[in-house]
Amino acid sequence: MAEDLKITTSTDKQEQYTALIPQIEALLYGEPDLVANLANVAAALKEQFKWFWVGFYLVKNNELVLGPFQGPVACTRIGLGKGVCGAAWQQAKTLVVPDVDAFPGHIACSSLSRSEVVVPVFKNNEVVAVLDVDSEHLDQFDEIDAQYLEQIVKLVNF
């Protein structure tokens, strides 16, 4: 597939995801390189939704290490249970945080981030990475985002 993304202008979030998922599948099809695939997923999400920050943290040596992302510079390493990413990793579940300032132990990689969703990525029932998405707006994410982002991370072959 040509690396062109058709941005959906619909304001309906579900329509945006349902238009984007087949495009992500096409980007990933036949590409075995994990870094390339993570980079394209982050870019596709950032382009479609215009979120503040979209990226992956990979589990390495019992910590989360920054992987491919789109947005301003970010925290490089996050410990188990630390911040929203570390909590999602530890709990092995998606966390939707409407106001990051109200999240105990939130790690502020950027003071502009106001809400966040973090989705764990599983391989053999073990968390191997997390997808982290930040918005500069409060209450940006909901269960629709959680549901579709969980589908998207399953498309990546870890």
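The following questions and answers cover ring pairs, helix packing and selected residues in a predicted model.

Visitor: Which numbering and which confidence limits apply to this model?
Guide: Residues are numbered from 1 along each chain as its sequence is written, and side-chain values use heavy atoms, with hydrogens and water left out. The model is predicted: totals for chains, interfaces and linings use all residues, side-chain atom pairs count only at pLDDT 80 or more, and local features need pLDDT of at least 70.

Visitor: How many aromatic pairs does a search of the whole structure find?
Guide: Rings of Phe, Tyr and Trp (its six-membered ring) pair if their centres lie within 6.5 Å. Searching the whole structure on that basis, the number of aromatic pairs found is six.

Visitor: Are the rings of Tyr17 and Tyr148 stacked or edge-to-face?
Guide: Planes under 30 degrees apart count as stacked, over 60 as edge-to-face and the rest as tilted. The ring centres of Tyr17 and Tyr148 are 4.9 Å apart and the planes are at 5 degrees, so the pair is stacked.

Visitor: How many residues apart are Tyr17 and Tyr148, and in which helices do they lie?
Guide: Helices (H or I, at least four residues) and strands (E, at least two) are DSSP runs, numbered from the N terminus. Tyr17 is in helix H1 (residues 13-28) and Tyr148 in helix H4 (residues 143-154). The pair links distant parts of the chain, and the separation is 131 residues.

Visitor: Are Tyr17 and Tyr148 buried or exposed?
Guide: Buried means under 20% relative accessible area, exposed over 50%, and partly exposed in between (1.4 Å probe, protein chains only). On that scale both Tyr17 and Tyr148 are buried.

Visitor: What type of aromatic pair do Trp51 and Phe141 form?
Guide: Trp51 lies in the loop between helix H2 (34-49) and strand S1 (53-60), and Phe141 in the loop between strand S6 (126-135) and H4, so the pair ties together parts that are 90 residues apart in sequence. Both residues of this pair, Trp51 and Phe141, are buried. With 5.4 Å centre to centre and 65 degrees between the planes, the Trp51 and Phe141 pair is edge-to-face.

Visitor: Which residues do ring pairs link into a cluster?
Guide: The stacked rings of Tyr17 and Tyr148 belong to it.

Visitor: Are H1 and H2 roughly parallel or antiparallel to each other?
Guide: Axes are lines fitted to C-alpha atoms, for helices over the stretch in contact, and angles run from 0 to 180 degrees between N-to-C directions. Angles under 35 degrees count as roughly parallel, over 145 as roughly antiparallel, 65 to 115 as roughly perpendicular and the rest as oblique. H1 and H2 pack at about 155 degrees, with their axes 10 Å apart. The two helices H1 and H2 are therefore roughly antiparallel.

Visitor: How do the residues of the contact of H1 with H2 divide?
Guide: Contact means heavy atoms within 4.5 Å. Among the residues making it are Gln16, Tyr17 and Leu20 of H1 and Ala44, Gln48 and Phe49 of H2. Ala, Val, Leu, Ile, Met, Phe, Trp, Tyr, Cys and Pro count as nonpolar, Asp, Glu, Lys and Arg as charged, and the others, Gly among them, as polar. The division is nine nonpolar, four polar and one charged.

Visitor: At what angle do H1 and H4 pack?
Guide: The axes of H1 and H4 are 11 Å apart. H1 is roughly parallel to H4, with an angle of about 5 degrees.

Visitor: Which residues of H4 make the contact with H1?
Guide: The residues of this contact divide into seven nonpolar, three polar and two charged. From H1 come Lys13, Gln14, Tyr17, Thr18, Ile21 and Ile24. From H4 come Ile144, Asp145, Tyr148, Leu149, Gln151 and Ile152.

Visitor: Which residues does Gln16 touch?
Guide: Gln16 lies in helix H1 and is buried, with a relative accessible area of 10%. Not counting residues up to four places away in sequence, Gln16 touches Thr8, Ser10, Thr11, Gln48 and Phe49.

Visitor: What is the phi of Asn61?
Guide: Most residues other than glycine have a negative phi. Asn61 lies in the loop between S1 and strand S2 (63-70) and counts as exposed at 77% relative accessibility. Although Asn61 is not a glycine, its phi is positive, at about 50 degrees.
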